[in-house]
Amino acid sequence: MGRGRRDKVYLAVEDRENLEQISRNGYAPAKKILHARILLMCDEGKYSKRTWTDEEIAEALQVHRNTVGRIRQRFLQKGEKPALERQLRKTPPTPPKVDGSSEAHIIALCCADPPEGRAEWTIRLLTSELKQRQVITEISASTVWRTPKKNELRPWKTQRFCIPERDLARFVAEMEVVLDLYSTEPCEEEPLIAMDEASKQLLGEVYPPIAMQPGQDKKEDYHYEREGVQALFMFVDPHRGWRRVSSRDSRTRIDWAEEIRQLLDEDYPNARKVKLLSDNLNTHNIASLYEAFPAPEAHRLARRLEIYHTPRNGSWLNVAETELSVLSKQCLDRRIPSKDKLKEEIDAWQKSRNQNASKVIWRFSTSDARVKLKHLYPVFEQEE
């Protein structure tokens, strides 16, 4: 810390570095930056390049000469922090409009359902409701906004995610089975395949789009023609970096069974057994094979298939869902008019991804889950 001699300021090298950083970073309040510059110019120590008078400092920084003297005296008497920061008033000049009771009303409104006919609370709606209920008769929207901001309330935002089922024991049991599958060393005789399903609506153009030009974005008319819906089946080998995407008119038991037959007989004909990870749908089971094929054929396929299911509301554990997201962003996020065009685009995307052998590296392990998802595990009382 600096020391004074006859109302003179002598700054140590650490003090100067700190003040120079404050005066340059641009993030501090304007008053704090101004006071830091005043102290730097008041410095008469050996690290100062020039000695300034109070009048010169006041003229250079466009402040009153008394302000310079006041900052210097405060630094010498109380130190750096009181000299830089403004002294807080013990009582504000005007009483706050939002006291503890009215702040509790605002928080309660934010956490409650909005009025009928409104999807969410807005700041203007909160302000109007407070006035209507006579909680506060005169208040601005900016003043109301301070309470949700201070309490980190965002009534206009809803976070959507999969809420785990109530049977937590079953959820964590099935989750750990899936996590163990990912951590198992890959085996060519028993490959791990993740599968998931999605749908794509086929949309045709009513009017041809206008191509992009320099200074002009691509334009397409908001009118479109519905050309039907296609079901997508995604199969991913996360260790090998292989995937296959198929499109069908429907996704019934028969369709799923046909896709499984292709997976076993054409994609992995030499595998002794395929470990299939899928979502918890009623079509994803051995019964679908017996509905689609004669019993001997269904039995032959079933002997080479080992099915694992993700927990209910735990589809995030399926890497095929991640691959479907990549497919949607890279390929399907546009209007595709026909089944043939959809197949061409999917085949091109699939070929490119397989050539690059884009693998899915899963790092979330069972031990990680027991720490980060500890709240999902049943709690046992420790024996004394």
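Asparagine 313 is partly exposed, with a relative accessible area of 42%; buried means under 20% relative accessible area, exposed over 50%, and partly exposed in between, with a 1.4 Å probe and protein chains only. This is a predicted model, in which local features need pLDDT of at least 70 and side-chain atom pairs count only at pLDDT 80 or more, while totals for chains, interfaces and linings use all residues. Residues are numbered from 1 along each chain as its sequence is written, and side-chain values use heavy atoms, with hydrogens and water left out.

Asparagine 313 lies in the loop between β7 (305-309) and α13 (319-332). Helices (H or I, at least four residues) and strands (E, at least two) are DSSP runs, numbered from the N terminus. Most residues other than glycine have a negative phi. Asparagine 313, although not a glycine, has a positive phi of about 60 degrees. Alanine 357 is not a glycine either, and its phi is positive at about 50 degrees. The loop that holds alanine 357 runs between α14 (339-356) and α15 (366-372). With a relative accessible area of 33%, alanine 357 is partly exposed.

The next topic is helix packing. Two packed helices are described by the angle between their axes and the distance between the axes. The axes are lines fitted to C-alpha atoms, for helices over the stretch in contact, and angles run from 0 to 180 degrees between N-to-C directions.

Helix α4 (residues 65-78) takes part in a crossing with helix α3 (residues 54-61), where the axes come within 8 Å and cross at roughly 110 degrees. The two helices α3 and α4 are therefore roughly perpendicular to each other; angles under 35 degrees count as roughly parallel, over 145 as roughly antiparallel, 65 to 115 as roughly perpendicular and the rest as oblique. The crossing of α3 and α4 is right-handed. A crossing is left-handed if the near helix is turned anticlockwise from the far one by less than a right angle, and right-handed if clockwise. On the α3 side, Asp54, Glu55, Ile57 and Ala58 meet Arg65, Val68, Gly69 and Arg72 in α4, where contact means heavy atoms within 4.5 Å. The residues of this contact of α3 with α4 divide into 3 nonpolar, 1 polar and 4 charged. In these classes, Ala, Val, Leu, Ile, Met, Phe, Trp, Tyr, Cys and Pro count as nonpolar, Asp, Glu, Lys and Arg as charged, and the others, Gly among them, as polar.

Helix α4 also packs with α2, at an angle of about 80 degrees and with the axes 10 Å apart. These two, α2 and α4, are therefore roughly perpendicular to each other. His35, Ile38, Leu39 and Cys42 of α2 make the contact with Thr67, Val68, Ile71, Arg72 and Phe75 of α4. By class, the contact of α2 with α4 has 6 nonpolar, 2 polar and 1 charged residues.

What are the buried residues of α4? They are Thr67, Val68, Gly69, Ile71, Arg72, Arg74 and Phe75. The buried residues of α4 pack against β2 (9-10), α2 (30-42), α3 and α5 (80-84). Helix α4 has 14 residues and reaches 20 Å from its first C-alpha to its last, close to the 20 Å expected at 1.5 Å a residue; the expected span is 1.5 Å times one less than the number of residues. Glycine 79 follows α4 and has a positive phi, near 110 degrees.

A further pair is helix α10 (residues 253-267) and helix α12 (residues 295-303), which pack at an angle of about 65 degrees with their axes 11 Å apart. Their crossing, that of α10 and α12, is left-handed. Arg261, Leu264 and Asp265 of α10 and Glu297, Arg300 and Leu301 of α12 make the contact. By class, the contact of α10 with α12 has 2 nonpolar, no polar and 4 charged residues.

Aspartate 249 is in the loop between β5 (242-248) and α10. Aspartate 249 is exposed, with a relative accessible area of 56%. Leaving aside neighbours within four places in sequence, aspartate 249 is in contact with Val229, Gln230 and Lys339. Glutamine 230 is 19 residues from aspartate 249 along the chain, and their C-alpha atoms are separated by 5.2 Å.

Serine 102 is in helix α6 (residues 100-111) and, at 4% relative accessibility, counts as buried. Apart from its neighbours within four places in sequence, serine 102 is in contact with Lys97, Val135 and Ile136. Serine 101 is in helix α6 and, at 46% relative accessibility, counts as partly exposed.
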